[in-house]
Every structure is written in C-alpha cells, then in structure tokens.
Amino acid sequence: GAVYAWGDNYNGQLGDGTTANRTTPTLVTALSGQTVTALAAGYYYSLALTSTGAVYAWGDNNRGQLGDGTTTNRTTPTLVTALSGQTVTAVAGVVYHSFALTSTGAVYAWGYNSSGRLGDGTTTNRSTPTLVTALSGQTVTAVAGGDSHSLALTSTGAVYAWGDNYNGQLGDGT
C-alpha cells in the first residue's frame, strides 16, 4: 500500500514535498500509514485512492483538478475532503479533470470543464467534486476520459460519453 514516485516533478506531482525531479523511486511519505489501493495521473498531477475509500491529490492544480477547493499547486498529497462520507472505489485522472466513482455507482467530477467534460451541464470549472447528475439512476462501474471528453460504463454495459466531439470521440455518429 506504499506509494513511490519518480520522474518530472515540476508541479510537485511526485508528492515528496519538493519540485525536484527524481530519477529513482522516492517514497511518498505523506501517505505513510495509508493503504493505497489505486493511483491515477493527469497532466502534472496525481491521485491516490486508499483502502478506506479516501482520495488524495497533489501536483498541478491550475484548473482545480485536485478537488481541494483551490487552484493552488500541492507538493504533498492533500485529502479531497468534499468526498468525505462517500466510499470511493475508483479514481481517474485525465488531462485537467478528475473523476471519483463511489460504491453506489455515482460519479463525481472536478477540474477543467471546457466543452462540458465534467458532465454537469455547464462549462464552468469546478475545484471541488461535483455529482454528475445526468448519470443518476445508473450504476456506473468505470470512468475514463480523454483530453477533452469523458466516458462512463454502467452495470448494464451501456456507455455514456460527453464533452468535446471534434473528432467523433463521443461515438454518437456526429
């Protein structure tokens, strides 16, 4: 359950409290005591999911993609407190937006919302997780995204897509 990170660290995305690049794996000590079960990475930021369903985020936050209510970069993991009370089972980091999937099949999204990629019916950036209400009534089992679009898979095998469609990435024939 320990997390090690290495590589480019310009925005603190390695979570070691610095912005120094690392050429060898470095322990993310701020997560010590947590059992991390999943990791996700976006563009210069990182997400961790713990065995208790808590989500931590760190790195670049210029579009609110860390979900902590700010646009301040973080060099150490920060708890996404807006998800407290939810049991998160999966996280996804995309370019500048993030997702959390809960044990009830609900989807929360936050970060950059150009082209409506957060699925909340707006193009307003969100610095805290926002429920994707268009998926209410569905039991989502997986979430993913591309540069400017997002996807959800339901328990019935249905796929939902939203956001930018300039290359037909939504798969709706347009």
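This is a predicted model: local features need pLDDT of at least 70, side-chain atom pairs count only at pLDDT 80 or more; totals for chains, interfaces and linings use all residues.
Visitor: Why is the pair Y43 and Y44 called edge-to-face?
Guide: The ring centres lie 4.5 Å apart, and the planes meet at 65 degrees. Pairing needs centres within 6.5 Å, and edge-to-face needs planes over 60 degrees apart. Both values pass, so the pair is edge-to-face.

Visitor: What makes Y43 partly exposed?
Guide: Its relative accessible area is 39%. Buried means under 20% and exposed means over 50%. Y43 falls in between, so it counts as partly exposed.

Visitor: Why are Y96 and Y112 called edge-to-face?
Guide: Their ring centres are 6.1 Å apart, which is within the 6.5 Å limit. Their planes stand at 85 degrees, over the 60 needed. Therefore the pair is edge-to-face.

Visitor: Where in the chain do the two partners sit?
Guide: Y96 is in the loop between β7 and β8 (97-102). Y112 is in the loop between β9 and β10 (126-131). They are 16 residues apart, and the pair links distant parts of the chain.

Visitor: Why is Y96 called buried?
Guide: Y96 has a relative accessible area of 17%. The cut-off for buried is under 20%, so Y96 qualifies.

Visitor: What about Y112: which class does its accessibility give?
Guide: Y112 has 24% relative accessibility.

Visitor: Which residues do the ring pairs link into a cluster?
Guide: Y43, Y44, Y96 and Y112. The structure holds 4 aromatic pairs.

Visitor: Which residues have the most contacts inside the largest nonpolar core?
Guide: L47, V55, L83, V88, V91 and A100, in a core of 14 residues. β4 (45-50), β5 (55-59), β7 (88-93) and β9 (107-111) each supply at least two residues. β4 gives the most, with 3.

Visitor: What does V88 touch?
Guide: Beyond four places in sequence, V88 touches L49, G53, V55, L83, A100, L101 and T102.

Visitor: How many residues line the largest pocket?
Guide: There are 15, and the closest to its centre are A5, Q13, L39, A41 and S46. The pocket holds about 180 Å³ of space.

Visitor: What kinds of residue make up that lining?
Guide: It divides into 12 nonpolar, 3 polar and no charged residues. β1 (4-7), β3 (36-41) and β4 each give two or more.

Notes: Residues are numbered from 1 along each chain as its sequence is written. Side-chain values use heavy atoms; hydrogens and water are left out. A nonpolar core is a set of buried Ala, Val, Leu, Ile, Met, Phe, Trp, Tyr and Cys residues joined through side-chain atoms within 4.5 Å. Buried means under 20% relative accessible area, exposed over 50%, partly exposed in between (1.4 Å probe, protein chains only). Helices (H or I, at least four residues) and strands (E, at least two) are DSSP runs, numbered from the N terminus. Contact means heavy atoms within 4.5 Å. On a 1 Å grid over the protein atoms alone, a cavity is a set of points where a 1.4 Å probe fits but cannot get out, and a pocket is an open set with protein on both sides within 12 Å along at least five of seven lines; lining residues have an atom within 4 Å of a point. Grid points are joined across faces, edges and corners, and a volume is the space filled by probe spheres set on the points. Ala, Val, Leu, Ile, Met, Phe, Trp, Tyr, Cys and Pro count as nonpolar, Asp, Glu, Lys and Arg as charged, and the others, Gly among them, as polar. Rings of Phe, Tyr and Trp (its six-membered ring) pair if their centres lie within 6.5 Å; planes under 30 degrees apart count as stacked, over 60 as edge-to-face and the rest as tilted.
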